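Please read this briefing with the sequence and the model side by side, and find each residue in the model as it is named.

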Amino acid sequence: MKLTCLAFAAVSYSFASDCLQVDLDSPDTRDRFHELDKKAQVEFRHGEYAQSAEDFRQAACLAPDDLRSYYTLYGTAIGALAAGNLRSAIERLKQADRLRPDYPLPLAMLVKVSLQSPDPDQVKEFLRLAAERFPRAGKLHAEFVKDLLHQNRLDLALAEVLRFEQTGVQDPESALTLAVIENNAGAFGDACRHAQAIEQQSELPAAARASGATVAGLAYENLNQYTEAIEHLRRATELAPEREDPYLYLARVYGKKHNFPAMVAILEQARKQIAGSVKIDLALGAGLVSVERYAEAIQKLTEVVRNSPDELEAYPNLAEAYRNTGEPKLATDTMRKLAQRKPDYPMLHLVIARSISQEDPVDSLGVLQELDLAEKATPDDYDVCYLRGKVYLGMSKFTEAIASLLRAIELRPTDSSAHYQLGLAYNKSGQRALAARQFEAVKYLESQ
């Protein structure tokens, strides 16, 4: 301990020797000190450690004598953090905490720094100390929630949420953070309550109320209460028409209700408010496919692919629009472009196989090759077996067709389509009785 104190004194002396002589009692010096102090804390929270360390060092030069050693510790601690010396940073901050146990900043810094530690339990001790010494510091616990959420420490974040609530602090930003945490954690009812409280405070800025309405809408969506979700998300678009997320969330809820015209309408409204949003254009293109406005969908999605080729979701929707306008070759080409960008895109080879199967003439071998690739990714896929059976049937390979369609029925016994194709295969191979059984199965399944 004595050696530590001596080392610290040496560092403090070194810092002091680098400082220019100033009048510590002048108002300008005090103002500059407070400015640097605030700036350094903001930089620390944003992860700008090198600049934060420098500003803390400058603040130490302007600090009153009783605070100079304290701010020197901040400078050396954050400097060590900037250099990647996590252990040294934590030790320096612990020293600062011992110097001023009545001040929460060192503990707040320790929580943030310890979240970067390879020891996942180290942060718990600092949170415990903060809860014991600062139980009524609502904003402190709200900041802990943000840091813990950012590191996906949901268990600890929920505990800090409860501590924040117990402080009784009425802070809209912290309350919104609380609602976001609750929604992410599955406490949807509580999220609705806290978010709606923000939305309903007419004295708050429209942007803050829009955030509350958005979180309330998302929580209601998670509760499958889509009417309420739509109400709050619509309110969010009215309060902050320049934000794209509420429009996208609202469109998603309309999609879940299968109200595709309303989905397209809200996205068209969004596009008028927010020009050039790729996310909105992408969602609008997919929505236009859903309402069978294929020509418009092709135009919109082609623009997305041309201007933002890494927006992978545009390709399947564009391919579907091409297929529905009788352009299976263009659909195939579109999916092959997707394959070049992301070879492991889900269901990619199955979709390519479907496109090829609709071309005229059909490249049956090409379809089968794509289905073989699709089967490697999903070995027990009904659609792969079904389409393979249809292709073999078209090639008059009845034995292979029957085997594939029997496997499809095994995977999805209540789908009448596979039974019908199997009936055709049996019939064309001369097995009339077996064909009749499959056609009877089709009638029965369709009647159910």
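A residue is called buried when its relative accessible area is under 20%, exposed when that area is over 50%, and partly exposed in between, as computed with a 1.4 Å probe on protein chains only. This is a predicted model, in which local features need pLDDT of at least 70 and side-chain atom pairs count only at pLDDT 80 or more, while totals for chains, interfaces and linings use all residues. Residues are numbered from 1 along each chain as its sequence is written, and side-chain values use heavy atoms, with hydrogens and water left out. Helices (H or I, at least four residues) and strands (E, at least two) are DSSP runs that are numbered from the N terminus.

**Helix H6 and its surroundings**

- Helix H6 (residues 105-114) is mostly covered, since 10 of its 10 residues count as buried.
- Among these buried residues are Leu-107, Ala-108, Leu-110, Val-111 and Ser-114.
- The buried residues of H6 pack against H2, helix H3 (49-62), H4, helix H5 (86-99), helix H7 (122-133) and H8, where contact means heavy atoms within 4.5 Å.
- The axes of helix H4 (residues 65-82) and H6 come within 12 Å and cross at roughly 5°; such axes are lines fitted to C-alpha atoms, for helices over the stretch in contact, and the angles run from 0 to 180 degrees between N-to-C directions.
- This crossing angle makes H4 roughly parallel to H6, given that angles under 35 degrees count as roughly parallel, over 145 as roughly antiparallel, 65 to 115 as roughly perpendicular and the rest as oblique.
- On the H4 side the contact is made by Tyr-70, Tyr-74, Ile-78 and Leu-81, which meet Leu-105, Pro-106, Met-109 and Val-113 in H6.
- The residues of the contact of H4 with H6 divide into 8 nonpolar, no polar and no charged, where Ala, Val, Leu, Ile, Met, Phe, Trp, Tyr, Cys and Pro count as nonpolar, Asp, Glu, Lys and Arg as charged, and the others, Gly among them, as polar.

**Salt bridges**

- The structure holds 31 salt bridges, each being a side-chain nitrogen of Lys or Arg within 4 Å of a carboxyl oxygen of Asp or Glu.
- One of them joins the side chains of Asp-147 and Lys-112 (3.8 Å, N to O).
- Asp-147 lies in helix H8 (residues 138-150) and Lys-112 in helix H6, so this pair ties together parts that are 35 residues apart in sequence.
- Both Asp-147 and Lys-112 are buried, and they belong to a network of salt bridges that links Arg-45, Lys-112, Glu-143, Lys-146 and Asp-147.
- Another salt bridge joins the side chains of Arg-336 and Glu-370 (3.3 Å, N to O).
- Arg-336 lies in helix H19 (residues 328-341) and Glu-370 in helix H21 (residues 364-377), so the pair ties together parts that are 34 residues apart in sequence.
- Glu-370 counts as buried at 8% relative accessibility, whereas Arg-336 counts as partly exposed at 35%.
- The side chains of Arg-407 and Asp-380 also meet in a salt bridge (2.7 Å, N to O).
- Arg-407 lies in helix H23 (residues 398-411) and Asp-380 in the loop between H21 and helix H22 (382-394), so this pair ties together parts that are 27 residues apart in sequence.
- Arg-407 is partly exposed, with a relative accessible area of 26%, while Asp-380 is exposed, with 54%.

**A buried cysteine**

- Cys-192 is found in helix H11 (residues 188-199), and its relative accessible area of 3% means that Cys-192 is buried.
- Leaving aside residues up to four places away in sequence, Cys-192 touches Ala-216, Ala-219, Tyr-220 and Leu-223.
- Cys-192 and Gly-212 are 20 residues apart in sequence, and their C-alpha atoms are 8.9 Å apart in space.

**Backbone features in loops**

- The peptide bond from Asp-360 to Pro-361 is cis, with omega near 5°, and Pro-361 is found in the loop between helix H20 (348-357) and H21.
- Phi of Asn-152 is near 60°, a positive value in a residue other than glycine.
- Asn-152 lies in the loop between H8 and helix H9 (154-167), and at 65% relative accessibility Asn-152 counts as exposed.
- Asn-224 has a positive phi of about 60° although it is not a glycine, and Asn-224 lies in the loop between helix H12 (206-222) and helix H13 (226-239).
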